[in-house]
Amino acid sequence: MISVSDLTRYYGDFTAVDRISFDVRPGEVLGLVGPNGAGKTTTLRCLSGIIAPSVGSVSIAGYDIQKDGVAAKQALAFVPDEPHLFEHLTVEEHLRFVARLYGVVDAEQRIPVLLDELEITDKRRALSTELSRGMKQKLAIACGLLHDPSVLILDEPLTGLDPGGMRRMRATISNRAKAGAAVILSSHLLTLVEELCTKLFIIRRGTCVAYGSLPEIFDAHPELSGQTLEDVFLALTGANEGAAAP
Amino acid sequence: MIGAFGYLILHSARNRFITQLRRLRSPRYAIAFLLGVGYFGLVFFNRSGSQGREGTSPIITDTLGALLPFAFLVLVAYTWLAGADRTALAFSTAEVSMLFTAPVSRRQLIVYKIVRSQVTVLTSSLIWVILFGRGHDAVTRALGYWVLFSTLNLHRLGVALVRASGSEHGTKGLRRSVPAFAMVGAILAMILAGLYKARFQFQQAEDLGDMLHVLGSVFSAAPMSWVILPFRAAVAPAISAPGAAWARAMLWALGLLLLHVLWVLRSDAAFEEAAAEASATQARRIEAMRARRLDGGNVNTKAARRTLPLASTGAPAVALVWKNTLWLMRSGQLRTLLGLPIIAILAALAFSGRSSHVEMIIATLCGIVGVMLLLFGPATMRNDMRGDLRRLPMIKTLPLSGQQIILAEVASSAVPTAALQFLLVIAGVIAVSFADEVSVPLPVRFAIIAASPAVLIGLNLANFSIHNAFALLLPGWIRLGETSPGGVEAMGQAMLSSIITMLVLALLLLGPALGVTAVYFLLRQHTVLLVLVGSAVSGAALFFEAYLMTEALGGTLERTEPMHVG
């Protein structure tokens with residue numbers, strides 16, 4: 001469903017992402033983790049068609065994101081860490097806008113269900129500027145889910161959500177994957193990644209340092225066997241240098 | 001604490017200067033900077049030279065000098081009446097989070113606010129000296145502008161504090177503000193009474209000069225002369241010639257400034273709460289500007305109750321037009337543009353009693369306003385790619401091709417502008433119908449009305465495509481909120497972009513003009529047919545050119561990366 005091959009991205013002389021490759025099949029949730037500046041955001045932006053790879057290719061639902069961008073994006077939903085909303089549209093109008101863009105035939109039935117699921121029904125007539133950070137995040141998620149995407153890319157999806165919202169979001173991600181969506185989840189919340197992801201892609205300075213399910217990573221790095229994901233992450237990314245456990 | 005404030009102000013100014021200097025390494029900023037410097041130099045030296053030759057007088061003429069105290073009075077009255085001055089208290093979000101939580105007294109915060117505003121005051125003074133100054137009295141004039149702008153700035157701050165005190169402390173605050181409000185109320189009442197008494201003199205005035213003369217005489221007799229006295233005192237150093245008179249005027253103006261300082265420092269009771277609120281308002285405005293609305297106005301929440309239907313199936317690009325239309329309805333853009341035709345009609349009505357050619361005046365004004373909408377409309381009507389560039393990452397994830405996005409965005413601005421111009425065409429044709437001087441046959445009038453939409457839509461699509469092309473190709477040159485250009489190069493950029501836009505538009509008009517010429521030679525005997533076919537040909541040619549531009553821009557959009565837009 002998502003196929004990334006030799007993805008490389010340069011910014012001038014700087015290599016932000018260096019020849020990374022991975023696949024995410026339907027029903028899988030890939031956790032994309034790495035320290036700040038590792039190249040996660042660049043990778044996600046390449047996957048969602050915001051920026052073009054310098055080298056390599058990205059395929060979404062069988063379509064090359066560069067050559068057949070419209071078809072690829074039709075199958076995709078990207079929820080960024082910072083919601084970009086139109087301040088002159090209400091919550092409901094955002095969903096109607098997305099429905100038209102993606103041709104959601106049963107939008108009239110889906111919109112109330114989605115608003116209820118994300119607990120923003122009472123805000124449906126509010127402008128996005130009147131929403132709190134968490135509400136904005138919920139609206140961005142609702143916009144992403146409305147057209148029932150087969151590929152879901154989430155960048156820090158829990159930011160701003162209250163504990164109840166976080167629990168529901170975790171369930172939503174899990175349910176979407178069970179329904180056959182290929183999901184990429186980027187987050188610094190390693191407990192969330194550990195709970196939801198079927199496999200991991202750990203990135204450091206633009207290159208892959210580990211890829212596979214946690215048991216597969218333990219097989220590749222026997223010295224880390226039995227440790228928590230946090231310990232594995234710190235060991236593989238070198239982020240534990242100078243950091244002491246509490 | 002003062003040291004910390006000084007450090008913050010100086011280093012912020014220095015870093016801003018360095019950032020602007022670094023930008024000059026980019027050729028497009030360097031060219032614009034040179035153009036801006038050249039323009040300023042031309043204005044400054046040209047003025048100095050011409051004055052030197054003539055050995056005369058200040059650039060600010062007597063009329064302007066006489067008007068300044070009244071302009072100052074109107075500005076102050078507006079500040080008191082409009083009540084929209086709380087942003088005078090605004091701090092940046094960084095200042096709120098750093099300074100409001102620091103062990104700093106309210107009075108120190110006000111001092112900081114006053115000192116910080118001096119950066120703007122000094123810059124404004126410098127610009128005014130360049131534009132209106134003279135060689136030999138540039139220094140005294142600069143000092144005069146500085147006192148004037150500082151006083152005005154402090155007055156705004158004072159008014160904001162009085163209003164804040166009233167709303168924050170309820171009855172107690174209002175009671176404390178009573179003297180200030182009573183004084184302003186009395187002054188305004190006195191002015192209105194004086195102007196009412198002189199209404200017959202105003203009616204008899206034949207031109208602006210006469211009106212100014214009447215205004216001057218009204219304010220020269222007591223008690224009206226007392227009312228205008230502080231305003232004359234504040235303005236006097238900016239318009240007086242150097243010498244003893246200037247020194248005396250400066251002393252009075254400095255006294256007034258000192259009174260303002262004392263007033264502001266004494267009314268700090270509700271400062272912190274009001275400043276926090278004002279800062280939040282300003283932050284919302286900045287966010288709104290960054291997002292789309294460059295007029296800084298707020299989206300009308302009440303207006304959001306009215307919506308437009310949108311089917312969930314059909315051409316997906318229509319969703320973008322729908323979104324932009326809602327924005328147009330809910331922001332001040334349409335109102336601003338509607339103002340032009342309304343002014344045209346009001347002006348025509350104002351002339352109606354004095355001219356026997358009112359119909360032709362209306363028709364001419366409709367034509368002028370139509371052209372103005374074409375040339376200056378894009379500066380106001382910005383509900384297109386120029387607005388959505390701030391959301392480029394989101395726009396690029398939409399399941400639309402680059403050209404579909406550009407076409408929808410350009411149409412969002414072009415079609416409403418064409419519709420306004422179409423209304424003007426109808427008004428103009430109707431006006432001509434009643435004119436005695438011109439006789440346009442009825443079928444031709446109908447043909448003009450029927451054919452104009454094709455030309456207007458084509459023309460506006462081409463025109464807005466150029467403006468959107470600028471935004472995409474040179475995003476640093478247009479206002480996109482945080483990344484908006486500043487400094488001298490901004491002026492150069494504005495000049496250069498205007499020149500290039502005009503040139504490209506003229507170039508795009510060449511093809512359609514040739515087509516119309518050919519049609520003219522073929523159908524000049526059949527006026528109705530000539531109008532219909534000529535309009536269809538030129539409209540189609542313009543639409544085709546616009547289409548080609550959107551195709552090219554679509555490719556550019558697909559290649560454009562958010563980091564290049566800012």
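User: Which residues are buried in helix 5 of chain A?

Analyst: This is a predicted model, where local features need pLDDT of at least 70, side-chain atom pairs count only at pLDDT 80 or more, and totals for chains, interfaces and linings use all residues. Residues are numbered from 1 along each chain as its sequence is written, while chains are lettered from A and ligands numbered from 1 in the order in which they are written. In helix 5 of chain A, the buried residues are M135(A), K136(A), Q137(A), K138(A), L139(A), A140(A), I141(A), A142(A), C143(A), G144(A) and L145(A). Buried means 20 or more other C-beta atoms within 10 Å of a residue's own; 12 or fewer is exposed, in between is partly exposed, and C-beta atoms are placed from the backbone. Helices (H or I, at least four residues) and strands (E, at least two) are DSSP runs, numbered from the N terminus.

User: Why is helix 5 of chain A called largely enclosed?

Analyst: Of its 13 residues, 11 are buried, so the rest of the structure largely encloses helix 5 of chain A. Those buried residues pack against strand 6 (76-79), helix 3 (91-102), helix 4 (107-117), strand 7 (151-155) and helix 6 (163-178) of chain A.

User: Why does D6(A) count as exposed?

Analyst: D6(A) has 12 C-beta neighbours inside 10 Å, so D6(A) counts as exposed. D6(A) lies in strand 1 (residues 2-11) of chain A. Its phi is positive, about 50°, although D6(A) is not a glycine. Most residues other than glycine have a negative phi.

User: What makes R205(A) partly exposed?

Analyst: R205(A) has 16 other C-beta atoms within 10 Å, so R205(A) is partly exposed. R205(A) sits in the loop between strand 9 (199-204) and strand 10 (207-212) of chain A. Phi of R205(A) is positive too, near 50°.

User: What is the handedness of the crossing of helix 13 and helix 18 of chain B?

Analyst: The crossing is right-handed. A crossing is right-handed if the near helix is turned clockwise from the far one by less than a right angle, left-handed if anticlockwise. Helix 13 (residues 318-330) and helix 18 (residues 402-433) of chain B pack at about 35°, axes 9 Å apart. Axes are lines fitted to C-alpha atoms, for helices over the stretch in contact, and angles run from 0 to 180 degrees between N-to-C directions.

User: How many residues of chain B are in contact with chain A?

Analyst: 32 residues of chain B are in contact with 28 residues of chain A. Helix 13 of chain B gives the largest share of chain B's side, 7 residues.

Note on methods. Two residues are in contact if their C-beta atoms, placed from the backbone, lie within 7 Å.
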